[in-house]
Amino acid sequence: MAAAAWRRVRAVPMIGAVNTPAIHLQGVTKRFDRKTAVRDLDLEIPRGSIYGLIGPNGAGKTTTLRIILDIIGPDAGSVDVFGSPNVESMRTRIGYLPEERGMYQKMTAADHLAFFGQLKGLKRKEALLRARSGLDAVGLGDRADDKVETFSKGMAQKAQFLGVILHEPDLLVLDEPFSGLDPLNVELFKRLLQERQRAGATILLSTHLIEDAERLCERVCMIAGATKVLDGRVRDIKAAAGRRDIALSFEGNPTFLDAPDLIEDISAHGTYVEVRMLEGADPQALLRRAVDAGALISRFELIEPSLRQIFIEKATEAGLSHEDESEDDEAAA
Amino acid sequence: MNPFTPRVAAVIRREFVLRVKSKWFLLSTLGLPVLIVGLGVLSAFLAVRSATDAGEERRVIGVADPAGLIGDLLVEELLADSLDAVRAEDMEELAIDEARTRLSGSSYDLLMMIPRRDGRRSAEMPGATPDADEGEGDDERTTLLARASVPSVIEGSVRGALQRASVRARLRSIGVQSIDPGSLLQRTSFDVINVTESGEARSQDIYRALSFGIAFFFYFILLIYGQMIVRAILEEKQSDIVEIMVSSLRPWELMLGKIVGVGAVGIAQMAVWALVFALAAVYGLTAGASTLAEAGIDIASIPIPWGTLVLMFFFLVFGYLLYAGMFAGAGATISNEHDAQQVMLPITMLIILPFIATQGVIQSPNAGWGVILSLVPFFSPLVMPARLFATSVPVWQWLLSLVLLGVFVLGAAWVAGRIFRVGILMKGQRANLPQVLRWIRHG
């Protein structure tokens with residue numbers, strides 16, 4: 001692509017030890033009036049990862065992001081970005097796309113993006129150059145000198161995103177990046193994000209759409225009611241949740257399912273049955289019994305629990321109310 | 001630490017470029033000189049027109065003087081002033097109400113009604129204001145009835161004629177006939193020249209006019225640009241861009257950028273005005289030098305007080321920073337136009353007050369309260385420049401005034417910064433006073 005120059009792969013400048021996390025929160029608490037928005041939050045976001053902050057609306061995600069970006073200060077706890085407690089000095093290395101992502105309507109797109117670039121320490125000339133090639137790359141090259149107010153919603157979304165990555169930040173922080181996007185832009189955003197990650201950037205995004213996080217993020221932190229519920233690799237989280245559900249289709253005598261030493265619960269689903277194994281029971285043992293019983297098996301599948309199921313389970317376990325869940329489901333649908 | 005980091009410079013640049021390129025800037029920058037020149041031309045035109053009108057439109061003035069007090073003298077004076085005047089004997093016996101109804105049918109355009117001597121203490125002074133305790137009715141007053149509105153030129157002539165006639169009547173009554181009333185009525189004028197400490201002489205009237213002009217101009221600038229600050233901050237909130245901004249720079253940097261950017265627009269505008277007026281002055285004075293000389297004004301004798309101008313510029317800049325800080329703080333507490341009017345009102349009042357005070361200070365620029373007001377921040381940006389022009393202000397006074405103002409500028413910036421830091425991220429409801437006070441205390 002002609003415009004590849006501005007997105008060229010760049011080594012992450014190393015400040016502090018290489019293995020220091022991109023973001024490190026310890027015991028962060030923030031209260032507004034009587035309400036606690038974030039309670040005693042520890043967070044470690046490794047460099048180069050795509051990290052999802054998930055949880056229902058009002059869980060404290062935006063507050064957490066604002067604390068990381070030093071827009072608001074925590075009441076307690078410490079924040080390190082790239083190993084430095086002085087987030088201020090890291091500002092030019094960070095790009096932030098808040099949930100409210102307006103633009104100055106009266107500026108031209110190129111001028112506006114250049115302004116964002118300048119705020120992030122680029123020289124004006126360089127910023128203008130990058131703005132133009134960036135607009136080119138997302139198909140807005142011919143609109144570079146039009147005022148933002150003439151842009152459609154989709155075009156404005158592209159421009160907003162460009163404004164955040166123009167200075168090639170080493171850390172990208174995105175608050176609900178996909179909410180309100182048209183499907184084409186969702187794909188574009190994901191592609192651009194992955195490009196940034198390949199260039200070595202760390203990406204932290206918040207979303208209340210757990211499915212989005214599940215598809216995109218290697219690691220997630222779940223928060224509900226201002227408190228961390230769970231955090232780690234998506235793979236590990238799922239493994240830890242265990243693969244106890246089996247989808248099973250067969251022809252023949254079903255008596256082998258009468259196995260209280262292995263099975264906790266069975267539910268029929270038309271063409272298949274769903275079997276929940278007892279904790280610690282070996283699915284292979286059940287398969288052997290089925291074969292021995294002469295059943296003709298067409299499907300035997302370990303079902304992964306979804307992040308959503310895990311989240312709801314964990315939040316319930318922790319005794320956290322999730323009044324927002326219903327709203328969440330709607331949004332997900 | 002230099003607060004003008006590249007990112008603050010970027011904000012200033014954006015604010016400046018966008019505003020200077022706007023239609024508003026073009027219209028208001030060119031508009032003011034055009035307006036002033038236009039008003040000058042218009043008033044000159046109107047003056048000439050009404051004079052010609054008065055000459056062209058002959059109006060017949062009837063003088064009804066039933067008691068025969070000064071009627072003949074008045075007619076003489078009116079005729080001497082080249083107005084058509086005649087004794088209106090047919091109207092003499094009428095009361096005013098009747099005369100009014102009959103006027104349209106008469107041959108007079110204007111009718112001067114001189115009341116009878118009855119009830120008058122001194123009949124020789126018609127037209128003079130009657131003593132209040134004489135208890136005369138309305139119909140006893142000298143009245144000019146007119147069919148259409150009377151041009152001010154004619155009204156002036158009639159007034160002058162009546163005054164001369166009245167003086168002549170009085171002189172006649174004491175037996176003096178030979179004195180020209182014009183010589184009695186001649187005004188005596190004198191010039192007031194202030195002599196400054198450096199021995200420089202300057203005409204008081206001109207400097208008073210300049211004082212007022214400068215106070216009005218500062219008042220205007222502070223008001224317009226203060227409101228622009230509020231709009232600039234409101235724009236941040238209304239375009240949902242604030243959060244991106246404060247993730248890139250500190251709130252006070254954003255505030256500083258806005259204030260300096262808008263202020264730079266003001267300086268650019270004034271530079272254009274200064275240039276336009278300088279050109280107009282050079283052109284106008286060269287062209288009109290002889291006219292001015294006739295009027296007794298010697299251009300060369302009006303020194304340009306460069307020192308005062310520079311000092312005044314400082315007062316304007318400091319005043320702007322003081323009020324801009326307050327407007328910025330106010331702007332951070334609101335998120336819509338409607339609330340903007342409400343929070344601006346108290347600050348606007350704070351600018352109007354010194355402007356009103358200035359008018360009094362100009363009259364006696366060295367009176368105690370004038371001196372005090374010119375030292376008090378909030379007042380000093382208007383009052384001190386006015387005094388600087390109206391009189392010679394001791395160095396310690398303007399120096400103290402400037403220092404106090406500077407201290408308040410810093411104080412206002414600090415308070416505004418605290419309000420701004422929290423307020424800029426608030427949306428929806430306007431913050432109330434206790435809330436704002438809490439922000440200031442705790443930041």
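This is a predicted model: local features need pLDDT of at least 70, side-chain atom pairs count only at pLDDT 80 or more; totals for chains, interfaces and linings use all residues.
A:Thr29 stands opposite A:Ala76, a residue of strand 4 of chain A. Strand 4 of chain A is joined to strand 1 (residues 23-32) of chain A by 5 bridges, and the two strands run antiparallel. Both belong to an open sheet of 3 strands in chain A, with the order 2-1-4 and antiparallel pairing. Strand 2 (35-45) and strand 4 (76-81) of chain A are the edge strands, each pairing on one side only. From one strand to the next, the twist averages 20 degrees. Helix 1 (residues 61-68) of chain A packs on this sheet. Helix 1 touches strand 1, strand 2 and strand 4 of chain A, and its direction makes about 60 degrees with that of strand 2.

Move along chain A to A:Thr108. This residue lies in the loop between strand 5 (94-97) and helix 2 of chain A. Setting aside residues up to four places away in sequence, A:Thr108 touches A:Asp145, A:Asp146 and A:Lys147. A:Asp142 is 34 residues from A:Thr108 in sequence, and their C-alpha atoms are 12 Å apart in space.

Next comes the contact between the chains. Chain A gives 18 residues to this contact and chain B gives 14 residues. On the chain A side, the largest share comes from helix 2 (residues 109-119) of chain A, with 3 residues. That side divides into 9 nonpolar, 4 polar and 5 charged residues.

The largest nonpolar core has 150 residues. Which of its residues touch the most other members? They are A:Val173, B:Ile229, B:Phe327 and B:Ala328. Helix 10 (residues 306-332) of chain B supplies the largest share of this core, 14 residues. A second, separate core has 26 residues, with B:Ile61, B:Val63, B:Leu111 and B:Met113 among them. Back in the largest core, B:Ala328 has contacts beyond its sequence neighbours. Not counting residues up to four places away, B:Ala328 touches B:Ile229, B:Ile233, B:Met255, B:Lys258, B:Ile259, B:Ala416 and B:Phe420.

Helix 3 (residues 71-80) of chain B comes next. Its buried residues are B:Gly71, B:Leu73, B:Leu74, B:Val75, B:Glu77 and B:Leu78. An α-helix has 3.6 residues a turn, so residues three or four places apart point the same way. The buried residues of helix 3 of chain B pack against strand 1 (60-64), strand 2 (84-87), strand 3 (110-113) and helix 5 (152-173) of chain B. After helix 3 of chain B comes B:Ser82, whose phi is positive, near 55 degrees.

A:Ala226 has a phi near 75 degrees, a positive value in a residue other than glycine. A:Ala226 sits in the loop between strand 8 (219-224) and strand 9 (227-233) of chain A. A:Ala226 counts as buried because it has 22 C-beta neighbours inside 10 Å. In chain B, the phi of B:Phe378 is near 80 degrees, again positive in a residue other than glycine. Where does B:Phe378 lie? Its place is in the loop between helix 12 (368-373) and helix 13 (380-390) of chain B. B:Phe378 has 20 other C-beta atoms within 10 Å, so it is buried.

Note on methods:
Residues are numbered from 1 along each chain as its sequence is written. Chains are lettered from A and ligands numbered from 1 in the order in which they are written. Two residues are in contact if their C-beta atoms, placed from the backbone, lie within 7 Å. Helices (H or I, at least four residues) and strands (E, at least two) are DSSP runs, numbered from the N terminus. Ala, Val, Leu, Ile, Met, Phe, Trp, Tyr, Cys and Pro count as nonpolar, Asp, Glu, Lys and Arg as charged, and the others, Gly among them, as polar. A nonpolar core is a set of buried Ala, Val, Leu, Ile, Met, Phe, Trp, Tyr and Cys residues joined through C-beta atoms within 7 Å. A residue is buried if 20 or more other C-beta atoms lie within 10 Å of its own, exposed if 12 or fewer, and partly exposed in between; C-beta atoms are placed from the backbone. Two strands pair if DSSP finds at least two bridges between them. Axes are lines fitted to C-alpha atoms, for helices over the stretch in contact, and angles run from 0 to 180 degrees between N-to-C directions.
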